[in-house]
Amino acid sequence: MKFDLSGDVKPAPSNIRNAVGDVFECADEFLGIVLTVEGASRLHQTSTLKHQTSPVHRFYIAPEDWNPDSLVLAGTEAHHARDVLRLQPAGRVVVFNGRGHEITAEIATVSRDEILLRKMHEARVPPLPCRITLAQAIPKGKNMDLIVQKAVEIGAAEIAPLISERTIVHLEAKEAAQKQAKWQHVTIEAAKQCGQNWLPMVLLPKTPRDFFATVEAGVSPAPNPEVQPTRLPLQGRLQLRLIGSLQSDAMHLKTVLADYEREHHARPASVLMCIGPEGDFTPAELNLARSNGCIPITLGPIILRVETAAIYCLSVLSYELLAVPASR
């Protein structure tokens with residue numbers, strides 16, 4: 001058997017490996033594989049490139065456990081590194097604390113309970129230029145997991161699950177806390193995957209009335225970005241408040257942003273985006289949002305699914321407010 005790697009069209013390395021396996025099963029008929037020097041060199045380069053471009057795994061260390069001079073992976077993060085990824089001493093990883101700090105580290109020791117790391121390089125990423133809060137009515141099934149995951153990837157800073165009148169999911173206090181913890185875990189996994197060093201916080205699920213009362217009171221269960229997870233003022237941060245609406249007087253988001261910039265001579269530094277459940281918010285809930293400063297915006301002529309609406313709105317806000325060119 002001979003593979004010619006001298007032409008423009010070359011067999012994939014996986015095809016070569018499969019062919020080698022096939023011929024070894026027929027040892028009596030196996031004569032050999034002939035590679036030109038150039039072909040062998042290309043295979044070596046392919047293997048080397050794959051090794052060099054293998055991703056460096058990211059791990060989360062909570063702010064209260066963050067110590068740049070004594071980095072430790074414990075609990076589920078240590079289990080994932082040790083038992084799933086099979087990482088060994090001298091391997092490199094990246095750790096982040098969800099508050100903008102990131103450290104490239106070398107694995108020093110691996111034990112049954114923890115993994116000790118040695119700091120190599122430390123970096124700090126500034127917060128995004130606009131803090132976006134997604135107030136999302138909880139959809140049925142696992143769609144909330146998807147919304148939370150995509151909100152992290154798109155750049156939301158805070159996620160407030162809402163229990164509206166038309167929400168199919170209704171949670172008791174214990175269930176609400178369990179859901180909050182589950183969705184917070186989703187944010188961690190999404191941040192690890194997408195390279196986000198500012199971890200969005202998931203608030204405790206509330207009714208729209210309780211949520212807006214919390215906003216006006218200026219407190220929330222979300223943590224202070226620089227201290228510890230206890231309280232974070234909402235009042236004053238939500239400079240622009242929006243709600244997706246099917247009503248005829250809903251405005252286009254581009255128009256709302258242009259009006260805000262013309263009035264304030266600047267883009268908003270904080271935005272609240274409210275998305276309703278299947279069937280939308282009730283008229284009473286829309287009036288409540290309006291009375292709390294929310295501007296109804298249209299999402300276009302096509303009625304979107306809940307998860308699509310959330311991703312659409314966050315994408316537009318991210319494009320307009322998180323990636324504004326310096327010359328703008």
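Residues are numbered from 1 along each chain as its sequence is written, and side-chain values use heavy atoms, without hydrogens and water. In this predicted model, local features need pLDDT of at least 70 and side-chain atom pairs count only at pLDDT 80 or more, while totals for chains, interfaces and linings use all residues.

The structure contains 2 aromatic pairs (rings of Phe, Tyr and Trp, the last by its six-membered ring, with centres within 6.5 Å; planes under 30 degrees apart are stacked, over 60 edge-to-face, the rest tilted). One of them joins Y60 and F96: the ring centres are 5.5 Å apart and the planes stand at 55 degrees, so this pair is tilted. Y60 belongs to strand β1 (residues 58-60) and F96 to strand β3 (residues 92-96), so the pair ties together parts 36 residues apart in sequence (strands are DSSP runs of E, at least two residues, numbered from the N terminus).

Y60 counts as buried because its relative accessibility is 16%, and F96 is buried at 0% (buried is under 20% relative accessible area, exposed over 50%, partly exposed in between, with a 1.4 Å probe and protein chains only). The rings of F211 and F212 also pair, with centres 5.4 Å apart and planes at 65 degrees, so they are edge-to-face. Both F211 and F212 are buried.

F96 has a further contact: R58 lies over its face, 4.4 Å from the ring centre (a charge sits over a ring if NZ of Lys or CZ of Arg is within 6 Å of the centre and within 35 degrees of the ring normal).

As for cysteines, a search of the whole structure finds 0 disulfides (a disulfide is a pair of cysteine sulfur atoms within 2.5 Å). C130 is buried at 2% relative accessibility, whereas C194, at 33%, is partly exposed.

Technical notes
Helices (H or I, at least four residues) and strands (E, at least two) are DSSP runs, numbered from the N terminus.
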